[in-house]
Amino acid sequence: MIIINTEIKRLEKYAEENNVPIINKEGLKFIINYIKKNNVKNILEIGSAIGYSSINMALVNNKVEVTTIEKDETRYLEALKNIKKFNLDKRINLVLGDALDINIETKYDLIFIDAAKGKYIDFFHKYANNLKDNGVIITDNIYFHGLVEQKEKIEKKNLKQLVDKIKEYISFLKNNNDFETKFYKAGDGLSVSKRR
Ligand code: SAH
Ligand code: MG
């Protein structure tokens with residue numbers, strides 16, 4: 001237990017020092033709770049980064065299996081190393097590639113979207129087919145550091161475009177006839193979408 005905690009802290013430190021946007025504590029707690037309450041067995045994650053969230057999800061209990069996709073090779077290699085260190089390579093299947101190019105057949109209890117914010121709608125469309133009837137799609141960073149709800153003008157153009165994209169995703173979810181979505185303030189804002 002002590003070793004696991006130390007290693008988790010090391011990942012958090014690495015992420016902070018290298019500007020890797022891992023999920024925050026509150027968001028992670030929310031997802032871990034969801035996994036426990038709903039007896040989640042298999043998870044698909046879009047955006048592994050260094051493996052922090054997939055490792056934490058796999059640590060909930062030894063029935064949990066995660067497939068996680070990362071397109072950045074440096075992060076992929078770091079994640080590979082980390083997953084091995086936690087001895088989780090049997091339960092975490094790390095895939096290198098662009099999630100929009102990869103085709104997966106398996107159906108999952110939980111799909112966690114946590115990759116390029118501008119492509120959330122594309123990820124949702126593509127992977128909705130990989131959801132079990134009772135499964136959910138959880139998306140991270142729905143409030144994007146509070147910027148999504150901020151009234152005043154955001155000056156930086158790229159940032160504004162990103163915030164607009166997330167707003168677009170939120171209305172896509174709100175107007176979706178096939179899925180019912182609940183929004184949570186936990187962490188950086190999370191949405192939970194379930195088939196109607
Ligand atoms: N889920 C991680 C954080 C992911 S950060 C955690 O909480 O620990 C988002 C990651 O998504 C980045 O590493 C980025 O390289 C990756 N990414 C962005 N677009 C992607 C795509 N189209 N396919 C796969 N990975 C992508
Ligand atoms: Mg995130």
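## A tour from the sheet to the salt bridges

Begin by selecting strand β1 (residues 42-46) together with β4: the two run parallel and are paired over four bridges. Helices (H or I, at least four residues) and strands (E, at least two) are DSSP runs, numbered from the N terminus, and two strands pair if DSSP finds at least two bridges between them. This is a predicted model, in which local features need pLDDT of at least 70 and side-chain atom pairs count only at pLDDT 80 or more, while totals for chains, interfaces and linings use all residues. Residues are numbered from 1 along each chain as its sequence is written, and side-chain values use heavy atoms, with hydrogens and water left out.

Within this pair, select Ile46; its bridge partner in β4 is Ile113.

Next, display the whole sheet. Seven strands form an open sheet of mixed pairing, in the order β3-β2-β1-β4-β5-β7-β6. At its edges lie β3 (92-96) and β6, each of which pairs on one side only. From one strand to the next, the twist averages 15°. Helix α6 packs on the sheet, touching β4, β5, β6 and β7, and its direction makes about 130° with that of β6. Here, axes are lines fitted to C-alpha atoms, for helices over the stretch in contact, and angles run from 0 to 180 degrees between N-to-C directions.

Now select α6 and colour its buried residues (under 20% relative accessible area; exposed is over 50%, partly exposed in between; 1.4 Å probe, protein chains only). They are Val163, Ile166, Tyr169, Ile170, Phe172 and Leu173.

The whole structure contains eight. Select Glu7, Arg10 and Lys85, which are linked in a network. Arg10 meets Glu7 at 2.9 Å, N to O; because they are three residues apart in helix α1 (residues 2-17), about one helical turn separates them. Glu7 is buried at 16% relative accessible area, whereas Arg10 is partly exposed at 30%. Lys85 meets Glu7 at 3.9 Å, N to O. This pair links distant parts of the chain, with Lys85 in helix α4 (residues 73-85) and Glu7 in helix α1, 78 residues apart.

Finally, select Glu149 and Lys185, whose side chains form a salt bridge at 3.0 Å, N to O. Glu149 lies in the loop between β5 and α6, and Lys185 in the loop between β6 and β7, 36 residues apart. Glu149 is partly exposed at 44% relative accessible area, and Lys185 is exposed at 56%.

Terms used: Chains are lettered from A and ligands numbered from 1 in the order in which they are written. Contact means heavy atoms within 4.5 Å. A salt bridge is a side-chain nitrogen of Lys or Arg within 4 Å of a carboxyl oxygen of Asp or Glu.
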